[in-house]
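Hi everyone, thanks for making time for this.

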Amino acid sequence: MISKRKKFRDSIKGYMFISPTALVITVFVFFPLIYAFIMSFHTWNMSSAPIYVGLRNYTTALKSVDFWNSMLYTFYYVLGVLPFSLVFGLFFALLLRDNTMRGTGIYRVIYFMPVVTSPIAAAMGFNWIFENQMGIANHLLEKIGSQPVSWLSTPTGILQMFFNNFNIALPKVLQGPSLTMCVIILLGIWQNVGYATVVYLAGLQSISDTYYEAASLDGATKWKKFWHITLPLLSPSTFFLLIMFIIASFQVFGPIQIMTPAGGPLNTTSVIVFYLYRQAFSYYNMGYAMAVAFLLMGFILTMTIFQFRFLERKVNYE
Amino acid sequence: MKRSCFVIFVTLLFVATFMFANVRLVFWHSMADYQKPALDKLVSEFNSTHPDIHVVAIYEGNYDQTVTKLKAAFLSKNTPDIVQLNIEHLRIFTANRQLLDLSRFISETPSLKSDFVDSFWKTVVINGKPYALPFNISCLMLFYNKDLFEKAGLDPNKPPRTWKEMEEMAKKLTVHAPNGRTIQYGLFWGVSGEDTAFYQFEPLIWQNGGKIFNSSMTKCLVDQPQAVGALKRWKSWFDKGISPANMTLQEGIQAFMMGKIAMGPMTSGGIRYALDNLPWDLGVAMLPSHKATVTTLGGGSLAILSNISPEKQEAAWEFIKWMTNTKNTLYWYENTGYLPVRKSALNSLQIRLIWKKFPQLKPAVEAIPYARPRPVNVDIIEIRHILFNAIEEVRHRVKTPEKAFKDAAKKVDKILELEGSK
């Protein structure tokens, strides 16, 4: 009896400790979430009273060409940003791992700089670089004698551009991200690499030297050491980055809004969150936008569960 | 001693201002960059001449963003008292009675209504009731680079008057490098895709004798031959190589400012900015005409919100009336290029002095009789984005003009239909 009361008193203490956080999360996360979920079954323009429409918003979204195009462009972004961020992050981490090298600290700061740069400022900087008339990119192209490229207004997919040389027209899904989207992907990679580098550096430092010594005694080459020791023991870091980057990439918005405020050439940079934002805050189709948001949430959730189920098995925890 | 006296005096003055300024009004506006100083000057002058009213002017982003913020403000019950709204956005708020019907005030001063330029006044009247006062009205003008005209052997004082003349001049104004690359374009008829989307394309349809909607706003008419014809003509400027096909609007404006493009349509609200900042000689002219002579009338108005106290309503009315009076509308015109909204201002002697100083401001006033307000309805922002995407599909050669406008009209009709059922 006494132990039960003590337990109760203990749990009261615990609840009191978490209550400030719980309150903030309830007000700013759970309440809006529930409210948005209810609104996603209504049509609402923020001014008139909401009208219940059942599942219409969801069916309209799933039937809309623009919605699926936005999904496709989001996939392009994720598939463009993810592998390069991981590979370059690992590459720079391997270069910077040596603590005895002079100036490692400075290099680490330099590579981490893009991460702490405001995405808005970075996007504006990229806009200047790739501007048609005064951009550095085109200036350099002209210096080496080639034609300037309209980076920010070319809607053709880059794979289609390549296949244009052979006069082959690809189906829409295979055309690849537009050139403008590639510039935005480049910005995404530039901002992610520093973060990946730091995470990989931490991962590398936790790998014990004994493995490498043992491998050296067995006569393993540098490549073999990397492939059989470094990479597998880094897999927790890779898994963490994979999940973080996929979630963040699906939600990309800032750079798109700054670099292509009208949705890019032929809307080819209109990723799903941009589409959602337009529906909500330009067209005031609030209910519809919230339905799209929940579809996106469902999607990210499925992806993440899939990753935990199937990829986590391959992760080596030391 | 002297100093402390002074400090006490200033403090007292400060306190006094706040005590007597018994009505405090919050005014949201969309005037950025070069227009903001002129607006701030007007507001501070109002505050110093009206000790019992204090207006606080706050910039809220462009017109579209102001709509979003105002909608959100209504939800959180934290609205301003006066707001500058694009004349095309008034309906979004009158539909839910969120703006104050100004009929009562107007009837108190009958001479006021008749002094506003008639075509401007019509833009603020919805279902027979005025909901705002026209404040910063502009029309689309043709901006051209006089220096480039001279270089090409054209008379810089004779801008093109028809589409045909414009095409011929643009051809002469297009310059190629020895390697065949175009280094200067004659024309860039850029169309905006975000705030005030489709703005620059509407006059082309009207000039070609077409319409964008039927008169009851229930059907989109861009699939009709006149509108499609305008789109074809616009496309031909890119095909002929006299217009750059691969520039965003921003890049096009940049190139125009750098003297790499000779002509283009711009709003009269930017004339003063252009005069102050362009290193070359600017010419401003009426848009070239085709079957009809017409340009777009756009811009903003000052509205009062309906949920404020009668005392505040009186003060707010005083403010918007003052902002649009003859003297201030002329000041506003001279410092921005937005048109004077009062007939008495148009007929004044002062306006001639302004023209002497800035002759480029005159053509905009002469264009007033030809300026047509843009068609509006509640979903206009979404509709304009659809129409803008259609012409982009043509520019990027994804669709033919016929197909692009046919598809767009279908989409727009669907929105209009849903609206009718709401």
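Predicted model: local features only at pLDDT ≥ 70, side-chain atom pairs only at ≥ 80, totals over all residues.

From α2(A), the residues in contact are A:Asn57, A:Tyr58, A:Thr60, A:Ala61 and A:Leu62, and they meet A:Gly287, A:Tyr288, A:Ala291, A:Val292, A:Phe294 and A:Leu295 in α14(A). If you sort the residues of that contact by type, you get 8 nonpolar, 3 polar and no charged.

How do the two helices cross? In chain A, α2 covers residues 56-63 and α14 covers residues 286-311, and their axes come within 9 Å and cross at roughly 70 degrees. An angle from 65 to 115 degrees counts as roughly perpendicular, so α2(A) and α14(A) are roughly perpendicular to each other. Their crossing is right-handed.

Now stay on α14(A) and look at another partner, helix α13 of chain A, residues 272-281. Here the packing angle with α14(A) is about 160 degrees, and the axes are 7 Å apart. That makes α13(A) roughly antiparallel to α14(A), and the crossing is left-handed.

Which residues meet in this pair? On the α13(A) side we have A:Ile272, A:Val273, A:Tyr275, A:Leu276, A:Gln279, A:Ala280 and A:Phe281; on the α14(A) side, A:Met286, A:Tyr288, A:Ala289, A:Val292, A:Ala293 and A:Leu296. That contact divides into 12 nonpolar residues, 1 polar and no charged.

Over to chain B, and some strands. Strand β7 (residues 175-176) and strand β8 (residues 182-187) of chain B pair in the antiparallel sense over 2 bridges. Within that pairing, B:His176 has B:Thr182 as its bridge partner in β8(B). β7(B) and β8(B) form a hairpin with 5 residues between them, and in the turn B:Gly180 has a positive phi of about 95 degrees.

β8(B) also pairs with strand β9 of chain B, residues 261-267, this time in the parallel sense and over 2 bridges. There, B:Tyr185 stands opposite B:Ile261 in β9(B).

Last stop: how do the two chains come together? The contact takes 28 residues from chain B and 31 residues from chain A. Between them the chains bury about 2600 Å², with 54% of it on carbon and sulfur atoms. Of the area that chain B buries against chain A, 22% is supplied by B:Lys71, B:Arg181 and B:Glu251, more than any other three residues.

That's my tour, and I'm happy to take questions!

Notes:
Residues numbered from 1 in each chain as written. Chains lettered and ligands numbered in written order. Heavy atoms only, no water. Axes fitted to C-alpha atoms, helices over the stretch in contact; angles between N-to-C directions. Helix = DSSP H or I, 4+ residues; strand = E, 2+ residues; numbered from the N terminus. Parallel < 35°, antiparallel > 145°, perpendicular 65-115°, else oblique. Left-handed = near helix turned anticlockwise from the far one by under 90°. Contact = heavy atoms within 4.5 Å. Nonpolar A, V, L, I, M, F, W, Y, C, P; charged D, E, K, R; others polar. Pairing = 2+ DSSP bridges. Buried area = accessible area lost by both parts, 1.4 Å probe.
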